[in-house]
Amino acid sequence: MRTLTVNTSNQCYSIHIGRGTYQMLPRLMKEVGVEKDRKLMVITDSSVAPLYGQSLQASLRAEGYQVGMTVFPAGEESKNLSVVERVIGDCLQFGLDRSSVVLALGGGVVGDLAGFVAATYMRGIPFIQLPTTLLAHDSSVGGKVGVNHALGKNYIGAFHQPLMVVFDVDVLRSLPARQVHSGLAEVAKHALIWDVSFVEWLEAHAEELLALSPERLTEAIFRGCEVKSAVVSQDEKELGIRSILNYGHTIGHALEAVSGYRVYTHGEAVAIGMAGASRLSVRLLGAPGELVDRTEQLLRRLRLPIRYAENWPLPALLEAMKKDKKARGGQYTFVLSRKLGQVEMVRGIEEAEIVQTLKEISTQ
Ligand SMILES: O=C(O)C(=O)C[C@@H](O)[C@H](O)[C@H](O)COP(=O)(O)O
Ligand SMILES: [Zn+2]
């Protein structure tokens with residue numbers, strides 16, 4: 001098992017990554033002070049519950065914990081306030097109090113929703129992230145929790161750091177290929193924004209990652225979390241540098257929103273967004289053309305799309321980008337790259353530049 005730490009101004013927590021880590025959960029919980037007198041609530045979805053929910057609940061009960069579980073329908077469509085309200089109802093029914101702990105067992109949607117429940121239940125209780133997808137190596141770290149609003153992604157949320165994150169790499173073996181690819185997009189993002197040697201490592205080991213080699217996956221998650229942890233430890237609430245973790249997300253979130261979250265996985269949308277951002281970077285920041293080639297080749301190698309084929313209405317895409325959380329005063333705001341491994345936030349981008357970029361990354 002490999003462990004690293006996130007150090008925010010008021011909380012320090014560990015990320016444990018390895019094989020069979022769920023078996024170590026009782027010991028790890030003890031280490032963070034979660035003793036048996038504290039009630040636990042597993043929050044998970046309909047895909048994960050039959051695979052790991054019941055067994056997790058049973059193993060913690062066997063250790064003497066009182067454990068409840070609530071399950072909501074799998075999918076981004078569930079990431080909304082009415083599901084939050086229902087889940088909070090289940091927590092109340094089970095008798096969670098302020099000393100209780102939420103266990104978020106699942107992918108990004110579960111982590112974000114369960115984290116939001118933990119952030120708001122009785123004004124905030126602790127939670128532990130148990131990510132079951134590769135994508136969640138990103139979303140489970142850093143404390144961004146929340147749900148979607150009809151007008152856009154993650155518009156309702158909070159910063160609420162977990163007590164710890166426990167990643168069991170064996171669990172990834174049950175993931176459908178498309179979910180693996182989606183997670184690799186966020187891994188690639190961490191490399192592209194921060195670390196050229198990580199880009200080179202991904203280029204060299206793409207096939208082994210796609211074949212779900214546990215050692216390579218552990219390394220990829222560890223290195224991705226290293227980047228995330230370094231950034232979040234400097235800027236927990238996205239007042240500055242943390243915005244670089246949003247590379248590819250201005251276009252990505254817009255694509256997700258206009259398509260009603262039903263066409264692209266988050267990672268696919270972000271991959272197309274990074275292809276777009278690399279092109280804008282060459283035009284606006286004078287980044288070398290190599291940036292586009294390396295970015296697009298890496299994403300292709302990881303079986304990710306770099307173009308969108310559907311004819312989404314341009315005004316809707318532009319409107320969604322104007323409402324991006326990074327934007328101020330309705331100015332288009334993107335994270336762009338000066339060179340491979342180095343990015344920054346750029347405000348006030350001309351609409352014509354974005355329209356041109358969207359043309360280049362659309363196959364219509
Ligand atoms: O942790 C961050 O900060 C990120 O931006 C990571 C993103 O990959 C993640 O998708 C995040 O949930 C997006 O946040 P948002 O504030 O753009 O909704
Ligand atoms: Zn993301």
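Trainee: How far does a polar side-chain atom of H266 lie from an oxygen atom of ligand 1?

Mentor: This is a predicted model, so take the distance as computed. A polar contact is a pair of N or O atoms within 3.5 Å; within protein, one must be able to donate a hydrogen and the other to accept it, and residues adjacent in sequence count only if both atoms are side-chain atoms. From the polar side-chain atom of H266 to an oxygen atom of ligand 1 the distance is 3.1 Å.

Trainee: What is the mean pLDDT of the protein?

Mentor: Residues are numbered from 1 along each chain as its sequence is written, and chains are lettered from A and ligands numbered from 1 in the order in which they are written. The model scores ipTM 0.99 and pTM 0.95. Of the protein's residues, 100% reach 70 or more, and the mean pLDDT is 96.

Trainee: Which residues are closest to ligand 1?

Mentor: Near means that a heavy atom of the residue lies within 4 Å of the molecule. R242 has a polar side-chain atom 2.8 Å from an oxygen atom of ligand 1. N154 has a side-chain N or O atom 2.8 Å from an oxygen atom of ligand 1. In all, 13 residues surround ligand 1, and the closest are D138, N154, K228, R242 and K325.

Trainee: Which protein residues are donors of the zinc ion (ligand 2)?

Mentor: Donors are N, O and S atoms within 2.8 Å of the metal (3.2 Å for Na, K and Ca); water is not among the atoms, so sites may look incomplete. In sequence, the donor residues are spaced E-x62-H-x16-H. At 1.9 to 2.1 Å from the zinc ion, the donors are E186 (OE), H249 (NE2) and H266 (NE2).

Trainee: Which helices hold E186 and H249?

Mentor: Helices (H or I, at least four residues) and strands (E, at least two) are DSSP runs, numbered from the N terminus. Both residues are buried, meaning under 20% relative accessible area, with exposed over 50% and partly exposed in between (1.4 Å probe, protein chains only). The pair ties together parts 63 residues apart in sequence, because E186 lies in α6 and H249 in α9.

Trainee: What is the relative accessibility of N154?

Mentor: N154 lies in strand β8 (residues 152-159). Its phi is near 55°, a positive value in a residue other than glycine. Most residues other than glycine have a negative phi. N154 counts as partly exposed, at 23%.

Trainee: With which side chain does the side chain of W312 make a polar contact?

Mentor: W312 sits in the loop between α11 (290-301) and α12. W312 is buried, with a relative accessible area of 19%. Its contacts (heavy atoms within 4.5 Å) include L255, V258 and L317. At 2.7 Å, the polar partner is Y264.

Trainee: Within what arc do the buried residues of α12 fall?

Mentor: The buried residues of helix α12 (residues 314-322) are L317, L318 and M321. They line one face of the helix, because seen down its axis (directions from the helix axis to the C-beta atoms) they fall within an arc of 95°.

Terms used. Predicted model: local features only at pLDDT ≥ 70, side-chain atom pairs only at ≥ 80, totals over all residues. Heavy atoms only, no water. pLDDT = per-residue confidence, 0-100. Lists of a residue's contacts leave out its neighbours within four places in sequence.
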